[in-house]
Amino acid sequence: MKKILTAVTTEALSGIELFNGLSLHDRKLIANKCKGFKFDANNTIMSYNDTCSDVYFILSGKVRITIYSLSGKEITFRDQNAGEMFGEIAAIDNKPRSAHAVALSETRIAVMSAKNFLWALQLYPSMMARTLERLANLVRSLSERVIEFSSLGVKNRIHVELLRLAWQNMDSVNRAMISPAPKHLEIASRISTHREAITRELNELISSGLIQKGKNRLIINDVVKLENMVRDVTATYKK
């Protein structure tokens, strides 16, 4: 694990969603409770089953939360961007890590001990409320994934994942530009299938005109049509 110790400033913490609404003085108190680290791309930030219970705040860069099956297959849970946090579950229940976290690009992280994190939650009700909301969203997201895996075929799961990516990368009312384009293996790891299935379905969607490929980008030309395709098989799927 290659990491470089860096400073955590009050200004750097202003971009963290959990600290929205805190005064400059309060963010200074938080900054004094954190340590800063910079990770190179592809470096591990935390590992599955680690007993460390620190909480991580992404100051810049991007992090992938993932796990590996017993056969060595990578299963991706989600990607997280600057302003987000991860690791709070272990801080709350004091149990080993349930996933790996890997830097996808050069990433700066502010790290807070579980003890200080719980102290801050008790001191600042807004932080407590945002943490509870985040945990509720995680439960809902995981519930949706369980339903997808148990009720949808591979083709439909691909459409659902493309729709998630589209909603995160809208560049007009009905079009999304995903850049950089996700690798086929990355999509496969998110929906528990193989790369060949992704390639086959994307080629079909390209032939139909729904999506197109550019230089390291994937364009979804009709997001509403994709939404309707997803809702036709999921019935209750919502943005």
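First, the ground rules. This is a predicted model, in which local features need pLDDT of at least 70, side-chain atom pairs count only at pLDDT 80 or more, and totals for chains, interfaces and linings use all residues. Residues are numbered from 1 along each chain as its sequence is written, and side-chain values use heavy atoms, with hydrogens and water left out.

Start with strand S5, residues 62–68. Helices (H or I, at least four residues) and strands (E, at least two) are DSSP runs, numbered from the N terminus. Five of the seven residues in S5 are buried. Buried means under 20% relative accessible area, exposed over 50%, and partly exposed in between, with a 1.4 Å probe and protein chains only.

Which strands pair with S5? Strands pair if DSSP finds at least two bridges between them. S6, residues 74–81, runs antiparallel to S5 and is joined to it by seven bridges. Within that pairing, valine 63 has glutamine 80 as its bridge partner. S8, residues 100–103, is also antiparallel to S5, with four bridges. There, threonine 66 stands opposite histidine 100.

Now lysine 62, which lies in S5. Lysine 62 has 33% relative accessibility, so it counts as partly exposed. Contact means heavy atoms within 4.5 Å. Leaving aside neighbours within four places in sequence, the contacts of lysine 62 include Asp79, Gln80 and Asn81, as well as Val102 and Ala103. Its C-alpha atom is separated by 9.6 Å from that of glutamate 84, 22 residues apart along the chain.

Next, helix H4, residues 114–123. Its buried residues are Ala114, Asn116, Phe117, Ala120 and Leu121. On the face turned away from the buried side are the exposed residues Lys115 and Gln122. The cover over the buried residues of H4 includes helices H2 (24–32), H3 (88–93) and H5 (125–151), together with strands S4 (55–60), S7 (85–86) and S9 (107–112).

Last, arginine 190, in helix H7, residues 184–191. Is this arginine buried or exposed? Arginine 190 counts as buried because its relative accessibility is 11%. Leaving aside neighbours within four places in sequence, arginine 190 is in contact with Arg64, Thr76, Arg78, Asp79, Arg145, Phe149 and Glu161.
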